[in-house]
Amino acid sequence: MKILMVCLGNICRSPLAEGIIKQQVKEAGLDWEIDSAGTGNWHIGEAPDQRSTLEAKTRGVDISQQVCRQFNVQDFDGFDLILVMDKNNRRDVLSLARNQHDRDKVKLLLNDQEVPDPYFNDHYFSPVFDLIEGGCKDIIKKYKD
Ligand code: 4NP
């Protein structure tokens, strides 16, 4: 299974999602490929937001070596599943889809809920970590067999 985690900036939520699911994948002994990207281009080449890096570190997940990149149309070929954090991310990713096969790969990480953008609210980082952790756990359960 190849999974791409996507948010707007690729510095707050999707780096957390990448780091968390990579750890869970390792613990489950799975051979999955994980990456993350942003729909926006503002932070290309940057490390994750320090608030995400710190929250992750507090929970035993190291995301400090990740580098921001932008989502591009080739990602539809490189991944089986493209997990977006919110409905705006979904709209932006789907706007690049070439066909139904591409569209079928795009899903909200949390089936019926969005992961809120914590960029403008320091207090969101901890609950956002919890939401993403729960979502990743469900993804592993759903696709591991
Ligand atoms: P993210 O958060 O999508 O979770 O990485 C954001 C990061 C940066 C910006 C917006 C959201 N920004 O506007 O620069």
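**Close-up views of a predicted model**

View 1. The model is predicted, with local features requiring pLDDT of at least 70 and side-chain atom pairs counted only at pLDDT 80 or more, while totals for chains, interfaces and linings use all residues. Residues are numbered from 1 along each chain as its sequence is written, and side-chain values use heavy atoms, with hydrogens and water left out. Strand 3 covers residues 81-84 and contains Leu-83; helices (H or I, at least four residues) and strands (E, at least two) are DSSP runs numbered from the N terminus. Neighbours within four places in sequence are left aside in the contact list of Leu-83, which holds Ile-3, Leu-4, Met-5, Val-6, Lys-107, Leu-108, Leu-109 and Ile-139; contact means heavy atoms within 4.5 Å. Between the C-alpha atoms of Leu-83 and Glu-33 the separation is 13 Å, at 50 residues apart along the chain.

**View 2. Asn-10 and Ser-14 are joined through their side chains by a polar contact of 2.9 Å.** A polar contact is a pair of N or O atoms within 3.5 Å; within protein, one atom must be able to donate a hydrogen and the other to accept it, and residues adjacent in sequence count only if both atoms are side-chain atoms. Asn-10 belongs to the loop between strand 1 (2-7) and helix 1. Its phi is positive, about 55°, although Asn-10 is not a glycine. With a relative accessibility of 3%, Asn-10 counts as buried. Ser-14 sits in helix 1 (residues 13-27) and is also buried, its relative accessible area being 0%. When neighbours within four places in sequence are left aside, Ser-14 contacts Met-5, Val-6, Cys-7, Ser-36 and Ala-37.

**View 3. Helix 1 packs against helix 6 (residues 125-143), with axes that come within 9 Å and cross at roughly 45°.** This angle makes helix 1 oblique to helix 6. Angles under 35 degrees count as roughly parallel, over 145 as roughly antiparallel, 65 to 115 as roughly perpendicular and the rest as oblique. The axes are lines fitted to C-alpha atoms, for helices over the stretch in contact, and angles run from 0 to 180 degrees between N-to-C directions. Helix 1 passes helix 6 in a right-handed crossing; a crossing is right-handed if the near helix is turned clockwise from the far one by less than a right angle, and left-handed if anticlockwise. On the helix 1 side the contact is made by Arg-13, Leu-16, Ala-17, Ile-20, Ile-21, Gln-24 and Val-25, and on the helix 6 side by Val-128, Phe-129, Ile-132, Glu-133, Cys-136, Lys-137, Ile-139 and Ile-140. By class, the contact of helix 1 with helix 6 has eleven nonpolar residues, one polar and three charged. Ala, Val, Leu, Ile, Met, Phe, Trp, Tyr, Cys and Pro count as nonpolar, Asp, Glu, Lys and Arg as charged, and the others, Gly among them, as polar.

**View 4. Ile-140 is buried at 8% relative accessibility, whereas Lys-137 is exposed at 51% relative accessible area.** Apart from neighbours within four places in sequence, Ile-140 is in contact with Ile-21, Gln-24, Val-25, Ala-28, Leu-30 and Trp-32. From Ile-140 to Leu-30 the C-alpha to C-alpha distance is 9.2 Å, over 110 residues in sequence. For Lys-137 and Gln-24, 113 residues apart in sequence, that distance is 7.4 Å.

**View 5. Helix 2 and helix 6 pack at an angle of about 60°, and their axes are 10 Å apart.** That angle makes helix 2 oblique to helix 6. Their crossing is right-handed. Helix 2 contributes Arg-51, Ser-52, Glu-55 and Ala-56, which meet Phe-125, Ser-126 and Phe-129 of helix 6. The residues of this contact divide into three nonpolar, two polar and two charged.

**View 6. The side chain of Ser-52 reaches the backbone oxygen of Cys-12 at 2.8 Å.** Ser-52 is in helix 2 (residues 50-58) and is buried, with a relative accessible area of 0%. Not counting residues up to four places away in sequence, Ser-52 touches Ile-11, Cys-12, Leu-16, Ile-63 and Phe-125.

How values were computed:
Buried < 20%, exposed > 50% of the residue type's maximum accessible area, 1.4 Å probe, protein only.
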